[in-house]
Amino acid sequence: MSFFENEKITTGQTEAAAAAEGVDVAVIRQGINDGTIVIPCNPSHKGLKPMAIGKGLRTKVSASIGLDSKDSTVAGELEKLQTALAAGTDAIMDLSITGDMDGARRAILSASPVPVGTLPLYQTVAEASQKYGSALKMTPEQMLEVIERQASDGVDFMALHCATTFETIERAKNEGRIDPLVSYGGSHIIGWMVHHKKENPLYENYDRILEIAKKYSVTLSLADGMRPGCLADSLDGAQVQELILLGELVDRARKAGVQIMIKGPGHMPLNHIKDTITLQKSLCKGAPYFVFGPLLTDLAVGYDHINAAIGGAISSWYGAEFLCYVTPAEHIGNPDVSQVRQGVIAARIAAQAGDLAKGLPAAVRWDLDMSNARRDLNWTEQIRLALDPEHAEYIRKTRNEGEIPTCAMCGKFCAMKIIAEHLNCEKHSC
């Protein structure tokens, strides 16, 4: 079924997305109809600049913010939002789990020109805990109500654990995992299922979720509740079993006229990246892949933004189209404003490296322009072209001028001190 026949994506949105990518609008249109490209664009999100994610396009980056402790404030999260936007994020996820979650989400939507995603189960869990004293008392109707509430507010894409079923739980038990469950949303839905001895309500009510998504033009981002939380559990049976079911849910979403992408695992050894992405692309019929990192070692505590940048670059090269940033605070705390910036920049470096490996023309041109600026010793242009011009300018201004080798004849910088000292100015590039 064509998305354009249902008028869920307008000509203006596809044209804007194509212009931002520097590709023909026909590329975007065909990708959307094939399901290999999505444009998360809820009409209720005012001021949104349409952005496409998918095959053949620039790898995108998402930054996660949200109320996560009793000390969190809406103002503080809006500061993180502005920091992430200034650093160049392509999307935002509001993962609030406490406080005025409705107020935070609406403020973020109002202030964000990029697509905003959520994980509705987080709010359902928090509200059930506040109302009943336990998240186990949440009901399927409450889950669906929160999904629709967030959709009506203007949320552009939603992460949902619809494929975490009793079958995948049983398989995980038999696998003997080192770290059985690490997904916050997945853990709560599995706890609910085991306690009530009932199947996953997000799976059983998937058709109703599709109806809500279609009504509000929300893009689904189906997440893996059984994602491995350490390298030793990567590509086990539970992960693959869930991926098979995710592929079936992709088919159902496309038949219903709902845009869909898949959110992938966060921990895997480097040699599993290609296999993981190949499996996802095959089983999920080319749906865009939104990967969390991934992290290639479990030892980089405090440096997981670097860890994730390595994994993200290789994942992008092999076909992932959307990178969820990871900050230095991953596993040990909640990120502050400076760590949000570090996470976005690290993920953007990964995205550019992956796009270069894929040979995307815009990425190649950008790097070539920098090469030319360096050859010409054009500092102003080098700073302008940098992924993080603000930091590049800071480093430029705080360098120790006395240690920079310069030519005695012209005073310009020379790459090697021996050139400056032993060759006359007319015989080298300065």
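Four bridges join β3 to β4, and the two strands run parallel. That's a handy way into this predicted model, since several other strands also get a mention below.

- Where does Ser62 find its bridge partner in β4? It pairs with Ala91.
- β4 is covered on both faces: Ala91 and Met93 sit on one side, Ile92 and Asp94 on the other, and all of them are buried.
- In general, side chains in a regular strand alternate between the two faces of the sheet.

- On one flank, strand β5 (residues 116–118) pairs with β6 in the parallel sense over two bridges, and Thr118 stands opposite Met158.
- Strand β7 (residues 219–223) runs parallel to β6 too, joined by four bridges; here Met158 has Leu220 as its bridge partner.

**Strands β8 and β9**
- Strand β8 (residues 260–264) pairs with β9 in the parallel sense, over three bridges.
- Ile262 has Tyr289 in β9 as its bridge partner.
- From β9, Tyr289 and Val291 point one way while Phe290 and Phe292 point the other, and all are buried.

**Nonpolar cores**
- The largest nonpolar core has 91 residues, and the ones with the most contacts inside it are Ile92, Tyr206, Leu220 and Leu222.
- Leaving out residues up to four places away in sequence, Leu220 touches a list that includes Met158, Leu160, Tyr206, Val258 and Ile260.
- Another core lies apart from it, made of eleven residues, among them Ile32, Ile37, Ile39 and Ala52.

**Aromatic rings and charges**
- The count comes to five aromatic pairs.
- Why does the pair of Phe157 and Phe290 count as edge-to-face? The ring centres are 6.4 Å apart and the planes are at 70°, and planes over 60 degrees apart fall in that class.
- This pair links distant parts of the chain, with Phe157 in β6 and Phe290 in β9, 133 residues apart.
- Both Phe157 and Phe290 are buried, and together with Phe322 they form one aromatic cluster.
- Two arginines sit over rings: Arg227 lies over the face of Phe292, at 5.6 Å from the ring centre, and the charged end of Arg396 is over the ring of Trp379, 4.2 Å from its centre.

**Helix α3**
- α3 (residues 74–87) has 14 residues and spans 20 Å from its first C-alpha to its last, close to the 20 Å expected at 1.5 Å a residue.
- Buried in α3 are Glu77, Lys80, Leu81, Thr83, Ala84, Leu85 and Ala87.
- What do the buried residues of α3 pack against? They pack against β3 (60–65), β4 (91–94), α4 (101–111) and α14 (337–358).

**Gln123**
- Gln123 has its place in helix α5 (residues 120–132).
- Gln123 counts as buried because its relative accessible area is 2%, and the cut-off is under 20%.
- Not counting residues up to four places away in sequence, Gln123 touches Ser96, Met101, Asp102, Arg105, Val146, Arg149 and Gln150.

Technical notes:
Residues are numbered from 1 along each chain as its sequence is written. This is a predicted model: local features need pLDDT of at least 70, side-chain atom pairs count only at pLDDT 80 or more; totals for chains, interfaces and linings use all residues. Side-chain values use heavy atoms; hydrogens and water are left out. Rings of Phe, Tyr and Trp (its six-membered ring) pair if their centres lie within 6.5 Å; planes under 30 degrees apart count as stacked, over 60 as edge-to-face and the rest as tilted. Buried means under 20% relative accessible area, exposed over 50%, partly exposed in between (1.4 Å probe, protein chains only). A charge sits over a ring if NZ of Lys or CZ of Arg is within 6 Å of the ring centre and within 35 degrees of the ring normal. The expected span of a helix is 1.5 Å times one less than its number of residues. Contact means heavy atoms within 4.5 Å. A nonpolar core is a set of buried Ala, Val, Leu, Ile, Met, Phe, Trp, Tyr and Cys residues joined through side-chain atoms within 4.5 Å. Two strands pair if DSSP finds at least two bridges between them.
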